[in-house]
Amino acid sequence: PELSEEPPAEMVKMTKSKTFQAYLPNCHRTYSCIHCRAHLANHDELISKASGFFRDLMNYCLTKMSFQGSQGRAYLFNSVVNVGCGPAEERVLLTGLHAVADIYCENCKTTLGWKYEHAFESSQKYKEGKFIIELAHMIKDNGWE
């Protein structure tokens with residue numbers, strides 16, 4: 001019989017490499033998906049890290065409340081990466097009625113939290129367009145000491 005240099009097709013393992021839509025700079029503290037380590041957000045996008053008067057106001061407000069997800073504490077971000085968004089639906093949350101869309105990791109498809117599409121109460125309008133990610137689904141990467 002002839003010797004073949006290629007293994008039979010049934011012995012070839014096909015592996016899918018992990019490709020992320022975005023990599024955040026290594027010089028910044030980041031949050032990543034705890035399940036697959038895809039980057040999710042830069043620490044600078046955390047709402048409580050805003051600047052100036054808005055920062056002071058938000059820090060005061062955030063000390064009076066904490067964000068709560070279905071699996072415990074959560075963080076509110078201005079923007080995220082490597083995240084997909086489901087359809088919006090109205091939900092009554094602890095802070096009132098909101099239109100929210102579940103968000104998930106684009107790499108491993110784990111549901112991470114939600115995006116605030118619309119707030120029906122004027123005191124909650126600052127959340128519109130922002131993202132909640134539950135701490136249970138995040139890990140800190142790059143430069144945390």
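**Entry 1. The nonpolar cores**

I began with the largest nonpolar core of this predicted model, and found that it holds 17 residues. Those with the most contacts inside this core are L40, F77, V80, L112, I133 and M138. I then looked up which elements give two or more residues to the core: they are β1 (30-33), β2 (39-42), β4 (72-77), β6 (96-105) and β8 (131-134).

I took I133 as a point of entry and listed its contacts, leaving out residues up to four places away in sequence. I133 touches L40, A74, Y75, F77, V80, I103, L112 and M138.

I also noted a second, separate core of 7 residues, which includes I47, A74, L76 and W114.

Which way do the side chains of β8 point? I recorded that F131 and I133 point one way, whereas I132 and E134 point the other way. All four are buried. I set beside this the general rule that side chains in a regular strand alternate between the two faces of the sheet.

I next looked for the pairing of β8 with β7, which spans residues 111-119. The two strands are antiparallel and are joined over 3 bridges. Across this pairing, W114 stands opposite I132 of β8.

**Entry 2. Aromatic rings**

Why is the pair of Y75 and F77 classed as edge-to-face? The ring centres of Y75 and F77 lie 6.4 Å apart and the planes meet at 65°; pairing requires centres within 6.5 Å, and edge-to-face requires planes over 60 degrees apart.

**Entry 3. Cysteines**

How many disulfides does the structure contain? My search of the whole structure returned 0. C36 is in no disulfide, and its nearest cysteine sulfur is that of C105, 3.5 Å away. C36 is buried, its relative accessible area being 7%. C108 is in no disulfide either; its nearest cysteine sulfur is that of C33, at 3.7 Å. C108 is partly exposed, with a relative accessibility of 29%.

**Entry 4. The β1-β2 hairpin**

I turned to β1 and β2, which run antiparallel and are joined by 3 bridges. In this pairing T30 stands opposite N42 of β2. The two strands form a hairpin with 5 residues between them. I marked R37 in the turn for its positive phi of about 70°.

H35 lies in the loop between β1 and β2. Is H35 buried or partly exposed? At a relative accessible area of 46%, H35 is partly exposed. Setting aside neighbours within four places in sequence, I found H35 in contact with C108, T110 and H137. I also recorded the separation of H35 from C105: 70 residues in sequence, and 9.2 Å in space from C-alpha to C-alpha.

I placed A136 in the loop between β8 and β9 (138-141). A136 has a relative accessible area of 35% and is thus partly exposed. Its C-alpha lies 7.8 Å from that of R73, although A136 and R73 are 63 residues apart in sequence.

**Entry 5. The whole chain**

The secondary structure comes to 1 helix and 9 strands. Along the sequence, the order of elements is β-β-α-β-β-β-β-β-β-β. Of the 145 residues in the protein, 36% are buried. Taking contacts between residues at least 6 apart in sequence, I found that 52% join residues at least 24 apart. The accessible surface comes to about 9,300 Å², and carbon and sulfur atoms account for 52% of this surface.

How values were computed
Residues numbered from 1 in each chain as written. Predicted model: local features only at pLDDT ≥ 70, side-chain atom pairs only at ≥ 80, totals over all residues. Heavy atoms only, no water. Core = buried A, V, L, I, M, F, W, Y, C linked by side-chain atoms within 4.5 Å. Buried < 20%, exposed > 50% of the residue type's maximum accessible area, 1.4 Å probe, protein only. Contact = heavy atoms within 4.5 Å. Phe/Tyr/Trp six-rings, centres within 6.5 Å; stacked < 30°, edge-to-face > 60°. Pairing = 2+ DSSP bridges. Disulfide = S-S within 2.5 Å. Areas by Shrake-Rupley, 256 points an atom, 1.4 Å probe, with all protein chains shown as cover.
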